Amino acid sequence: MEPVAIIDQVKAEFPDEVIEGYVNQGQGAIIVRSSRVKEMLRYLRDDASLQMNHLRSLCGVDNSRRKDPGLSKFEVVYNLYSIVLGHEIRLRAEAGDTDPAIDSVVELWPGADWLERETYDLMGISFTGHPDLRRVLMPEDWEGHPLQKSYPLKGKVEWKGMIELLEKVKELDKHGFDPEGHAHGQYDPREND
Amino acid sequence: MSGTISKTIEVPVVDGESERYSLRMGPQHPATHGVLRVDLELDGETIMECNPQVGYLHRGFEKLAESKTYAQALILTDRLDYIAAMSNNIGYCVAVEKLLAVSVPERAQYIRTIVGEMSRLCSHLLWLATHALDIGAMTVFLYCFREREILLDLFEELCGARLTFSYPRIGGVRQDVSRYFVDELQRFLDMFPAKMEEYETLIDTNRIWLKRTVGVGKLSGAEALGLGLTGACLRGSGVDYDIRKHQPYDAYDKVEFEVPLATEGDIYARYRCRMEEMLQSVHIIQQCIDQLPPGPIVGPDAPDLVMPFKAPARVEADAAAFGGGLIKLVRDQKLYISGDVYVATEVPKGELGFYFISDGNNRPYRMHIRSPSFIHIGALKAICKGELIADLIANIGSLDVVLGESDR
């Protein structure tokens with residue numbers, strides 16, 4: 001199906017949910033409200049004329065520095081593809097401005113588990129109904145969500161896990177343990193110079 | 001996902017009691033192919049709970065790319081899947097070309113297809129080597145590295161690097177192929193199918209190999225698709241999904257090749273799929289060499305190689321006011337098309353997708369990398385539940401993960 005036809009079909013099925021549909025570089029995308037997003041994805045997956053059975057990617061976007069007006073601060077982007085029919089669509093769901101949250105789609109695609117954990121970890125969007133929403137890439141005691149636009153690119157202080165580790169190394173060094181793995185008393189070429 | 005358990009395993013019970021214990025495998029374990037940690041809950045040798053932990057190699061590429069120009073961010077993709085860096089570069093370039101509507105000359109498309117398939121051979125050879133080594137076949141490891149070395153030497157001849165190439169560029173490739181390169185590649189292609197037979201005689205009907213792989217780690221097509229598996233892992237379960245056929249990029253629509261499929265969905269099926277893919281790669285490279293057209297290797301509007309970049313009319317008018325020699329760039333001047341695209345390419349590990357948002361600036365507003373390894377490791381939990389601990393190693397090897405790509 002052509003992208004425009006898919007957008008029209010979704011618009012006809014969910015008239016209150018769809019905010020806008022557009023085509024960019026031949027790829028169709030729909031901006032939707034978040035309240036019924038799981039239902040919409042289920043429809044896209046199961047409808048006989050759409051059959052979007054492959055969830056290609058799921059990621060969060062922070063729109064706060066974007067110049068387009070009227071976008072919600074956070075959104076979750078789903079890229080879907082139909083392996084049977086060979087067409088694709090992108091769903092951009094608004095996740096709200098403060099305390100962003102959206103329904104989890106792990107029930108529809110078990111593979112969304114880690115993708116949602118990643119989005120929560122890096123973007124701070126929480127997924128209601130997710131079985132195990134923890135950080136996945138960053139350490140569990142990390143503060144903040146790095147991919148938000150307000151998060152600085154360069155850190156100002158050392159991560160506290162790193163500070164603990166360095167102190168531990170110092171402590172071990174007192175007892176003659178070299179963390180680099182060199183045995184003490186090994187030949188050091190600088191000594192002979 | 002109870003359906004992923006292929007067979008019920010009887011846990012021997014002593015005096016009506018069985019003891020559960022936890023075991024932490026990795027992150028320095030050699031069979032986890034990098035810094036993957038798996039927290040296991042075991043009952044005897046049966047895995048009751050399997051929790052993979054990643055993030056040890058997280059370098060924040062998605063955040064970092066937002067501060068780099070499109071041309072600068074290319075080198076980050078080398079560090080994703082460092083076994084097949086060329087495929088990652090191509091995936092990135094194809095995505096940026098689609099985003100910014102940059103055209104690629106035909107010759108560059110063919111060269112990219114050649115190096116992309118060489119990269120697939122490299123990755124599959126390394127996969128076969130380490131996978132066989134994990135299961136206990138030592139000789140295959142050395143045989144595979146012998147052939148991979150030839151390919152790495154060819155890459156070195158082509159661009160000077162052996163692992164992190166940055167050879168494909170947005171709008172083309174960095175430099176043209178030499179006659180010597182093509183001749184040596186031809187010699188490799190003539191020799192390689194015989195070497196494939198050598199590997200197959202070693203393991204294909206080997207009784208130990210069959211016992212370790214047939215019927216282990218079974219996944220049906222629907223389960224594999226639900227878990228988001230792509231590449232040979234999905235095709236081994238009978239789902240015909242190859243982006244080179246579904247959404248062709250570069251020269252894949254101009255060459256003929258088959259997509260190997262298997263229906264069993266076990267480790268042996270995935271192994272057979274990858275082996276057949278290697279022969280198809282040889283077939284594709286051969287056709288590309290035969291058809292390689294003459295012409296330029298960089299498009300006229302490639303942003304990093306052709307300077308100066310075609311300036312908008314208003315900027316040129318401003319420059320003319322200064323006497324023609326000076327180009328004044330206005331702040332917030334739109335340099336590129338704004339919009340968003342998701343472009344996927346078939347890398348050796350599966351589907352590598354880039355989701356880009358451009359706001360007209362010279363840096364990506366947002367770059368999301370859909371890395372197949374991350375999703376494959378996420379699926380490990382469902383695949384390994386109820387299996388034996390020895391099969392965990394076989395499963396990790398069979399999913400073909402690389403942690404640089406998973407952690408980004």
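Helices (H or I, at least four residues) and strands (E, at least two) are taken here as DSSP runs, numbered from the N terminus. On that basis, chain A holds five helices and seven strands, arranged along the sequence as α-β-β-α-β-β-β-β-α-β-α-α. The radius of gyration of chain A is 24 Å, well over the 16 Å that the globule rule gives for 193 residues, so the chain is more spread out than a compact globule; the radius is taken over C-alpha atoms, and the rule is 2.2 Å times the number of residues to the power 0.38.

The model is a predicted one, in which local features need pLDDT of at least 70 and side-chain atom pairs count only at pLDDT 80 or more, while totals for chains, interfaces and linings use all residues. Residues are numbered from 1 along each chain as its sequence is written, with chains lettered from A and ligands numbered from 1 in the order in which they are written.

The C-alpha trace of chain A spans about 80 × 35 × 35 Å along its principal axes. Chain A is divided into domain 1 (3-143) and domain 2 (157-187), with bounds that come from an automatic or database domain assignment. The C-alpha centres of these two domains lie 45 Å apart.

Burial comes next. A residue is buried if 20 or more other C-beta atoms lie within 10 Å of its own, exposed if 12 or fewer, and partly exposed in between, with C-beta atoms placed from the backbone. By this count, 35% of the 193 residues in chain A are buried. An α-helix has 3.6 residues a turn, so residues three or four places apart point the same way.

Two residues are in contact if their C-beta atoms, placed from the backbone, lie within 7 Å. Leaving aside neighbours within four places in sequence, A:Leu91 is in contact with A:Ile30, A:Val32, A:Met40, A:Leu41, A:Tyr78 and A:Leu80. A:Leu91 also belongs to the largest nonpolar core, of 155 residues, where A:Leu91, B:Ala95 and B:Val96 touch the most other members. Such a core is a set of buried Ala, Val, Leu, Ile, Met, Phe, Trp, Tyr and Cys residues joined through C-beta atoms within 7 Å. Helix H4 (residues 106-135) of chain B gives the most to this core, with 15 residues.

The contact between the chains takes 37 residues from chain B and 29 residues from chain A. On the side of chain B that touches chain A, the elements that each supply at least two residues include strands E6 (338-347) and E7 (350-359) and helix H13 (372-384).

Two backbone details are worth a look. A:Gln51, in the loop between H2 and strand E3 (54-62) of chain A, has a positive phi of about 50° although it is not a glycine. B:Ala101 has a positive phi of about 55°, and this residue is found in the loop between helix H3 (85-100) and H4 of chain B. A:Gln51 counts as partly exposed, with 18 C-beta neighbours inside 10 Å, whereas B:Ala101 is exposed, with 12 other C-beta atoms within 10 Å.
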